[in-house]
Amino acid sequence: MTCFDKLTKAALLAVMSCAVCACAEIAEPLLPQEPENVQEEQRVMVVEPSKLISYDLVSVKSAALALEEANSTMASLQDTYMEGTEGVPAFEEIECSSDTLLNLVLWTYQVSYLSKDAAGEDIVLSTLVSFPTFKNGRKITFSNISLSHSMFNMTDTMTKLIATVTQARCILFRDMVVSPFYQGGGINKRKPGTFVPIAEHNLKARQAIDGELAALELLDVLKDNPDLNFELSPDYHTYNMGISNGGACALAVLKILENDPQYADINRDKIRLGGTLMGEGSADYSILYDQCIDNYDNSIQMDFLKPDALAATINSSYKAHAVYSPKEYFFYNDGQGEKKKLLLEDFFSPEFCAVRLQLAEGSLSFFDAYDNCYWLADVSFPSGITSEIILHGFEKLTDILNPNLFNEDGTLDKNCKEWQALMRALGENSLIDGYAPKTPLLIFCSKGDTFMPYNINETLYRNLHDSGNNENVRMRTLYGLDHFPATFYIWGFELTHRNPGKPGLF
C-alpha cells in the first residue's frame with residue numbers, strides 16, 4: 001500500500017468528525033525517542049513590531065511516524081463519512097521514497113503571537129508550525145510555506161487533526177506548514193470576553209496572516225540551532241488553502257493581501273502569496289443564509305449540519321457586530337422614542353435559550369458552549385452540539401429560531417429587524433466580488449452539495465473570472481458529491497499538489 005493509500009484513507013475523515021461531532025481535547029503528543037538530541041522547551045520574548053511572543057516545542061517525530069498518523073486520521077474519517085457513498089472518485093496516489101521516510105524528522109511548535117480581535121484591540125493567539133529537517137544534520141531547504149485554514153473550527157481538536165494531516169506537506173514537498181487556531185482557540189480559549197468568529201472571515205484571515213508572520217520570525221530565531229540546520233528558499237511562496245468554512249478564510253487572505261494597502265509590503269516581502277485553493281466554502285454567508293433558511297422546516301436529523309452551523313454563525317456575527325464592534329443596524333427605535341439594542345436571544349426561541357448543559361464546570365447555555373465549553377479538556381459531547389440540540393427535544397430549525405422571525409403563514413419574515421441586522425452583519429464579510437485576484441485562485445465546488453449551494457461559488461467564479469479577462473481564476477466542478485465527500489476529495493487534492501492553485505492542472 002502506498003503512502004497516499006493510507007493518507008487519503010485516513011485523513012479525510014477524522015477532521016469532519018470533529019467539525020460536527022467531537023469536542024474532547026486530544027492528549028498532548030509524546031516526544032518519540034528519535035532524534036536523541038531534542039532540545040529542552042525553547043522560548044523567546046520579542047517586542048513590537050514583531051508578532052512572535054513565545055514558542056514551545058510540541059513534538060518531534062520521524063517522517064514515517066508523522067505520515068502514519070496522517071494516514072490513520074484520514075482513514076478513520078473516510079470510513080465514517082464516505083461509507084456507502086456512490087460515485088466517490090479514487091484519490092491520487094503518492095509515492096514516498098524510503099530515503100524520505102527514513103531520513104526526515106518533523107518538528108512541530110506552538111507559537112504565541114500578537115494579533116487583533118474584533119474590536120481592534122491587541123490579542124495573543126497561537127498557531128501550530130511544522131517543518132522537516134534531516135536526521136543526519138544535513139542542511140535542508142524549505143521550499144515554500146503552506147498556510148492551512150481549519151474547517152469548522154469550533155474545537156481545538158479540529159484544528160489539531162487538520163494540522164496532523166496537512167503536515168504531510170512537510171514530508172512530501174518540504175514545506176513549512178502554518179495552522180492557526182484563530183481567536184477563541186489555542187492559547188485564547190476560555191479567555192474572558194473571547195468568542196469563536198466562525199462567520200468573521202476577514203478577522204480570521206488577518207489573524208492567520210499574523211500567525212504566518214510569527215512563524216517566519218520563529219525560523220529566524222531557530223536558524224542557529226545546530227539540531228535543525230535549515231534555510232527557507234529565497235524563492236519561497238505561500239500556498240493558501242482552506243476547505244468549507246476554511247475556504248472562505250483562504251479567500252479572505254487572498255483579498256486582503258492583494259487589496260489592502262497596509263498589507264502590500266507584507267505580501268511582497270514576507271508572505272509572497274503564490275496561490276490559493278478555496279474548496280466548498282461560501283463567499284457570502286448572507287446569500288447562503290437567504291437560500292438555505294428556506295429549508296428551515298426540515299428535520300434536524302435530515303439536515304444534521306445546519307443546526308450547529310446556524311446557531312454558531314449567528315452567535316459569531318452577533319458577538320462581532322453587536323458586542324465587540326457595535327454597528328448601528330443592531331439598534332432600533334421601540335416606537336416610543338427609546339433606542340434599544342437587539343439581543344442575541346431575539347434570534348432564538350425561548351426554549352432554546354433556556355437550555356442549560358449541566359457539566360462539571362457548571363451550567364452553560366448553548367451560547368456559552370459556542371464561546372467556551374467546546375474547549376474544556378474534560379468535556380466531551382459524544383456526537384457534538386447538534387446531538388445535544390436533538391436530545392433537548394428540538395426537531396426542526398423552527399424549534400431553534402424565535403417565532404417572531406416568522407410570518408403568520410409560517411414563512412420566514414426576511415423583512416423583520418432581526419433578519420435584516422443579521423444579513424448586514426454577514427454581508428460585511430462578503431467576498432463575492434469587488435476585487436481581481438493577481439495570483440492563481442482555484443475554486444472547487446460540487447453540484448451535489450446540499451449544504452453549500454453551488455450557485456454561490458458559480459457567481460463568485462463569474463465575478464472574479466470577469467468573462468475570461470482574469471485567467472488567474474479557475475473553477476473545478478465536482479458532481480454527485482455532498483458536502484463531506486466533496487470536502488474529502490478536495491482535501492486529497494490539496495495534499496498531493498505542491499501548488500494547489502497552479503494553472504494548467506486541469
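**Helix packing and the mixed sheet of a predicted model**

The axes of helix H9 (residues 285-292) and helix H15 (residues 417-427) come within 7 Å and cross at roughly 140°. This is a predicted model, in which local features need pLDDT of at least 70 and side-chain atom pairs count only at pLDDT 80 or more, while totals for chains, interfaces and linings use all residues. Residues are numbered from 1 along each chain as its sequence is written, and side-chain values use heavy atoms, with hydrogens and water left out.

Some terms apply to what follows. Helices (H or I, at least four residues) and strands (E, at least two) are DSSP runs numbered from the N terminus. Axes are lines fitted to C-alpha atoms, for helices over the stretch in contact, and angles run from 0 to 180 degrees between N-to-C directions. Two packed helices are described by the angle between their axes and the distance between the axes.

H9 and H15 are therefore oblique to each other; angles under 35 degrees count as roughly parallel, over 145 as roughly antiparallel, 65 to 115 as roughly perpendicular and the rest as oblique. On the H9 side, Tyr 285, Ser 286, Tyr 289 and Asp 290 meet Trp 419, Leu 422, Met 423, Leu 426 and Gly 427 of H15, where contact means heavy atoms within 4.5 Å. By class, the contact of H9 with H15 has 6 nonpolar, 2 polar and 1 charged residues. Here Ala, Val, Leu, Ile, Met, Phe, Trp, Tyr, Cys and Pro count as nonpolar, Asp, Glu, Lys and Arg as charged, and the others, Gly among them, as polar.

Ile 162, Val 165 and Thr 166 in H4 meet Trp 491, Glu 494 and Leu 495 in H17. The contact of H4 with H17 comprises 4 nonpolar, 1 polar and 1 charged residues.

The protein chain as a whole has 17 helices and 15 strands. Of its 506 residues, 60% are buried; buried means under 20% relative accessible area, exposed over 50%, and partly exposed in between (1.4 Å probe, protein chains only). Among contacts between residues at least 6 apart in sequence, 80% join residues at least 24 apart.

The discussion now turns to the sheet. In it, 9 strands form an open, mixed arrangement in the order E1-E2-E3-E6-E5-E8-E9-E14-E15. Strand E1 (52-62) and strand E15 (473-478) stand at the edges with a single partner strand each, so one side of each is left without a neighbour in the sheet. Neighbouring strands of this sheet are turned by 20° against each other on average, direction ignored. Helix H16 (residues 454-465) packs on the sheet, touching strand E9 (273-279), strand E14 (441-446) and E15, and its direction makes about 160° with that of E15.

Strands of a sheet pair through backbone hydrogen bonds, either parallel or antiparallel. Two strands are taken to pair if DSSP finds at least two bridges between them.

Strand E5 (residues 145-149) is mostly covered, with 5 of its 5 residues buried. Ile 145, Leu 147 and His 149 point one way from E5, whereas Ser 146 and Ser 148 point the other way. In a regular strand the side chains alternate between the two faces of the sheet. E5 runs parallel to E6, joined by 3 bridges, and the partner of Ile 145 in E6 is Met 176. E5 also pairs with E8 in the parallel sense over 5 bridges, with Ser 146 opposite Tyr 239 in E8.

Strand E9 is largely enclosed by the rest of the structure, because 7 of its 7 residues are buried. Strand E8 (residues 238-243) and E9 run parallel and are joined by 6 bridges, with Leu 273 in E9 as the bridge partner of Thr 238. E9 and E14 pair in the parallel sense over 4 bridges, and Met 278 has Ile 443 in E14 as its bridge partner.

Gly 193 is found in the loop between strand E6 (176-180) and helix H6 (201-222). Gly 193 is partly exposed, with a relative accessible area of 47%. The C-alpha atoms of Gly 193 and Val 323, which are 130 residues apart along the chain, are separated by 9.9 Å.
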